[in-house]
Amino acid sequence: MDSEGENSVYLNSPVSAADSFSDGDIRRTATSSAVQQTLFLIHSDDPTLKVQAAKEIRRLTKTSQRYRRHFSNAVKPLVNMLRSESFESNEAALLALLNLAVKDEGNKINIIDAGALEPIIGFLQSENAILQDHATAALLTLSASPATKPIISASGVFSLLVEIIRHGSSQAKADAVMALSNLSTYQDNLLLILRAQPIPSTVSLLKSCKKSSKTTERCTALIESLMCYEEGRNSLISEDGGVLAVVEVLESGSAQSREHAVGALLTMCQSDRAKYREPILREGVIPGLLELTVQGTAKSRTKAQTLLRLLRDTPYPRSELEPDTLENIVSNLISQIDCEEQSGKAKEMLAEMVQVSMEQSLRHLQQRALVCTPADLSVPSCVSKITSK
């Protein structure tokens, strides 16, 4: 059969509904149908169907930003489910709301506006560990939005979060300290957080978690923020192993954690050098600071060098006969270290620091030589005259 005959047969054959749509159209139709059916169920009066719908919303919104937008109309009935006396309804609704709020500012605001904060705070005080964990995770997600921070802060949630850091599950502790860290960036919250006495429990959590973890980063970020206040500094000093915990992060934490750790110690020393210099030195901070001066982030390097200057015997610049080089500062500090092991390690670090510094300077000179123009490399006339004689 010729092509014309094939076309006429195709055109005259029965056409199914699926044949008339592209693959994209079919997927969009299927998506719309699933969304509409689930929304219908979540608005029903049947508690079993509502739970089923909440679980489906949680599943569909786990990794899909598109579904989070599609299910924005489900926020209000899900929040209503939080007030149910059924554990199954509470859990299904919390997990669905948690996924709806992830990376979606509009849904975060809608969840707060729908009245979710009150039952979520209630779950923070629940004896049911599962609901407490889910509520803490939900509050962490909601606290990431600048628009919701004022409302969450006004709810007086700080003491509850600190209590979870003390006695919650390991995941709830991590989520609670992250939520506090989020809320600490809102104006005037630091004083309110300090009143809840978070440093003992935060230091305890810092000691127990991996130094490279995100939890450590948030712990040190919170501690750094609280060092702006004398109450916070005194709390850290009075906590057994408090300064040491920060020093250990400075030595072996992630780049961001080390930056927060050196920032915390620097803030302490700048606020009252006479009071905090010895407690900081006593914990063997010098080797970690030396390493930061050559291997830390740009901010870490600057902060580490400033702290080293504050920690030396005299904080004032030396005369021109004794240049205020980092090597001189550290040599002065090493001479004051009583512990032979710490002193030896510091000397090794100083030697390595000088070596790295020399290598960096050499690479810099080599790079400059590569970009020099022929004119830059020509012998100056005055030198030519000298050599020609």
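The crossing of helices α16 and α19 is left-handed, a term used where the near helix is turned anticlockwise from the far one by less than a right angle, with right-handed used if clockwise. The contact between these helices is made by E230, R233, N234 and I237 of α16 together with K275, Y276 and P279 of α19, contact meaning heavy atoms within 4.5 Å. The two helices pack at an angle of about 30°, and their axes are 12 Å apart; axes here are lines fitted to C-alpha atoms, for helices over the stretch in contact, and angles run from 0 to 180 degrees between N-to-C directions. α16 and α19 are therefore roughly parallel to each other, given that angles under 35 degrees count as roughly parallel, over 145 as roughly antiparallel, 65 to 115 as roughly perpendicular and the rest as oblique.

The model is predicted, so that local features need pLDDT of at least 70 and side-chain atom pairs count only at pLDDT 80 or more, whereas totals for chains, interfaces and linings use all residues. Residues are numbered from 1 along each chain as its sequence is written, and side-chain values use heavy atoms, with hydrogens and water left out.

The protein chain has 25 helices and 0 strands, where helices (H or I, at least four residues) and strands (E, at least two) are DSSP runs numbered from the N terminus. Of the 389 residues in the protein chain, 44% are buried, that is, under 20% relative accessible area, with exposed meaning over 50% and partly exposed in between (1.4 Å probe, protein chains only). Among contacts between residues at least 6 apart in sequence, 65% join residues at least 24 apart.

In helix α17 (residues 242–252), the buried residues are G242, V243, A245, V246, V247, V249 and L250, and the elements that cover them include α16 (230–238) and α19 (273–282), as well as α14 (199–208), α15 (214–226), α18 (255–271) and α20 (286–295).

K108, which is placed in helix α7 (residues 105–113), is buried with a relative accessible area of 3%. Residues up to four places away in sequence not being counted, K108 touches A101, V102, K103, T141, L142, A144, S145 and T148.

The structure holds 1 aromatic pair. The rings of Y67 and F71 have their centres 6.1 Å apart and their planes at 20°, so the pair is stacked; rings of Phe, Tyr and Trp (its six-membered ring) pair if their centres lie within 6.5 Å, and planes under 30 degrees apart count as stacked, over 60 as edge-to-face and the rest as tilted. Y67 counts as buried at 12% relative accessibility, and F71 is buried with a relative accessible area of 0%.
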